[in-house]
Amino acid sequence: MDAISSPFLSGGNLLLSPSISKSRTAVSTAICSVLAEETPRTVKKPASRPDADFPSPSLSQRATPPPAVAKGSSTRRVEPSVPASIFNAFDDLINNFINPPANPSTDPRYVLADNFAPVDELPPTECEVIQGSLPSSLNGAYIRNGPNPQYLPRGPYHLFDGDGMLHSLRISNGRAVLCSRYVKTYKYTLERDAGHPVIPNVFSGFNGLIASAARGAVTAGRMFTGQFNPTNGIGLANTSLAFFGDRLYALGESDLPYPIRLTPNGDIETLGRHDFDGKLSMSMTAHPKIDYDTGEAFAFRYGPLPPFLTFFRFDKNGAKQPDVRIFSMNRPSFLHDFAITKKYAVFTEIQIGFNPMQMIVEGRSPVGADPSKISRIGLIPRYANDESKMKWFDVPGVNLVHAINAWDEDDAVILVAPNVLSVEHTMERMDLVHALVEKIRIDLKTGIITRRPLSTRNLDFGVINPLYVGKKNRFVYAGVGDPMPKISGVVKLDVSQEERRDCIVATRLFGPNCYGGEPFFVPRERENSDETAAEEDDGYVVSYVHDENSGDSRFVVMDASPRNSRLSPP
């Protein structure tokens with residue numbers, strides 16, 4: 001599962017990652033370029049520069065548990081109103097006696113530890129380059145989105161429940177400025193001003209009938225006493241970022257997009273909640289697909305009520321086009337990501353779905369796996385006006401939470417994606433999840449599906465050169481789960497190799513107890529218009545990496561091309 005996206009804005013254009021990792025490293029200010037060897041060298045802490053334009057912080061901002069009051073832009077204590085105090089007491093009763101954290105996946109003492117510990121906001125701060133140098137062609141902003149709770153959880157907490165925080169690294173001429181800011185959603189600002197949580201957590205707040213009824217009653221009471229207005233949005237924007245229609249959006253599946261602005265000094269501003277002139281009344285996927293050739297963005301939403309799937313797109317100016325309601329998906333499924341080709345949108349109806357009986361009978365989350373369900377892949381023309389030409393194909397055993405890329409090939413569609421083998425653990429025991437990247441061929445004439453694993457390693461959060469979205473590509477850069485959702489390194493796969501049993505052609509591990517998020521590929525900019533077109537892998541793979549031993553984090557830059565310094569051969 002993912003909760004971060006890493007777009008790189010360069011020269012006014014955003015290169016968007018199609019999939020993301022849930023892991024959120026602690027913010028730090030150490031920047032280094034990655035060497036070719038597999039294990040990083042020890043990085044020594046340099047002295048501060050007295051002549052820096054911005055104050056130079058410590059290289060180690062350790063990830064410590066958050067205080068019980070709001071962090072970041074507001075740390076003042078707020079005296080709650082009488083109704084708020086009453087409902088807070090009911091919340092404590094539920095959290096302590098009715099539904100306390102019952103397992104490590106919802107216990108904040110375990111969930112918010114080490115690589116996932118919360119961090120504070122950080123104003124624009126210049127960073128030291130402590131090893132190597134930043135490439136001269138790497139200019140723009142690397143922005144990462146991920147969950148970061150504003151308050152210390154008083155009860156169960158799932159990794160996906162935190163408020164969205166953006167970590168931006170603005171790079172220009174070898175100089176880097178780091179800034180970390182919360183996405184100012186309605187939920188965040190409401191709870192910041194109230195001084196306490198108001199809206200219950202989606203993933204951990206409704207496990208079991210009694211707990212769900214109790215929290216539902218408290219939430220309804222808060223609403224009727226005027227503590228919040230649900231029409232303003234009650235969700236998060238903690239999953240990803242997307243740039244289309246000349247705007248940058250922070251995204252989450254539980255709310256509308258929130259436009260984001262990066263100021264000239266490197267600060268981050270939230271510009272409000274955006275409904276595209278009233279045409280987007282409900283939430284949308286956090287993983288829209290951007291066609292670089294046309295400038296269009298393709299998206300969807302899913303939910304527990306019919307139609308369970310709705311497909312739509314935005315033109316190159318960011319104007320939303322009419323919905324295409326898909327009723328042929330006849331039961332609610334967890335549909336987190338999808339892919340596009342030049343002809344089709346590709347959806348996967350997997351074995352994870354919405355099952356209220358699981359909550360009532362077993363006291364578990366209503367979202368879970370159904371092993372008796374047969375997964376399906378659905379293809380719909382990407383400019384369809386209705387679902388009349390949609391085709392579904394049974395694919396038993398395929399559970400694609402993320403998609404890497406897809407393309408058209410003769411009378412077939414090729415899909416590359418990690419397939420989750422232990423799907424029953426996806427929501428509650430991610431450390432037991434193992435995903436194999438597969439190349440799936442869908443023959444449109446015969447309906448025959450062929451599948452080929454590209455590696456036996458536990459890989460997810462794969463990305464490509466974003467210029468190749470929807471087109472045939474050769475290289476994939478994927479995170480190594482060790483275990484999931486911790487990412488211990490990056491591998492480069494050559495998906496064009498049909499004869500090799502394992503398509504990994506290069507590997508870079510971060511070192512003992514060092515974990516990053518998903519990799520992100522940044523194409524190298526041509527220095528002049530006369531320069532020949534770049535190869536697909538001519539660029540850089542970047543990520544934040546956190547050292548759990550020291551508490552330090554680094555921004556690492558890896559040259560992806562074997563013609564220069566390279567990822568290490570496997």
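# Briefing: cysteines, aromatic contacts and cavities

The count of disulfides comes to 0 in this structure, which is a predicted model. Aromatic pairs, by contrast, come to a count of 20, and the structure also holds 10 cavities of 30 Å³ or more.

**Cysteines**

- Cys 179 has a relative accessibility of 0% and therefore counts as buried, the cut-off for that class being under 20%.
- Cys 514, at 6% relative accessibility, counts as buried too.

**Aromatic pairs**

- The count of aromatic pairs comes to 20, and one that can be followed in detail is formed by Tyr 142 and Tyr 544, whose ring centres lie 5.1 Å apart with the planes at 70 degrees, so that the pair is edge-to-face, a class that requires an angle over 60 degrees.
- Because Tyr 142 belongs to strand β6 (residues 140–147) and Tyr 544 to strand β33 (residues 539–547), this pair ties together parts that are 402 residues apart in sequence.
- Both Tyr 142 and Tyr 544 are buried.
- An edge-to-face arrangement is also found for Phe 312 and Phe 314, with 5.8 Å from centre to centre and 80 degrees between the planes, and both Phe 312 and Phe 314 are buried.
- Ring pairs also link six side chains into a cluster, made up of Phe 298, Phe 300, Phe 311, Phe 338, Phe 347 and Tyr 383.

**Charged side chains over rings**

- Arg 376 lies over the face of Trp 392, at a distance of 4.1 Å from the ring centre.
- Lys 471 is placed over the face of Tyr 468, at 5.7 Å from the ring centre.

**The largest cavity**

- Among the 10 cavities of 30 Å³ or more, the largest contains about 390 Å³ of space.
- Its lining is made up of 27 residues, and those that lie nearest the centre of the cavity are Arg 154, Pro 197, Ile 199, Pro 200 and Asn 201.
- Helices α1 (82–98), α3 (186–194) and α4 (209–224) each supply at least two residues of this lining, and the largest share, 4 residues, comes from α4.

Notes:
Residues are numbered from 1 along each chain as its sequence is written. Side-chain values use heavy atoms; hydrogens and water are left out. Rings of Phe, Tyr and Trp (its six-membered ring) pair if their centres lie within 6.5 Å; planes under 30 degrees apart count as stacked, over 60 as edge-to-face and the rest as tilted. Buried means under 20% relative accessible area, exposed over 50%, partly exposed in between (1.4 Å probe, protein chains only). A charge sits over a ring if NZ of Lys or CZ of Arg is within 6 Å of the ring centre and within 35 degrees of the ring normal. On a 1 Å grid over the protein atoms alone, a cavity is a set of points where a 1.4 Å probe fits but cannot get out, and a pocket is an open set with protein on both sides within 12 Å along at least five of seven lines; lining residues have an atom within 4 Å of a point. Grid points are joined across faces, edges and corners, and a volume is the space filled by probe spheres set on the points. A disulfide is a pair of cysteine sulfur atoms within 2.5 Å.
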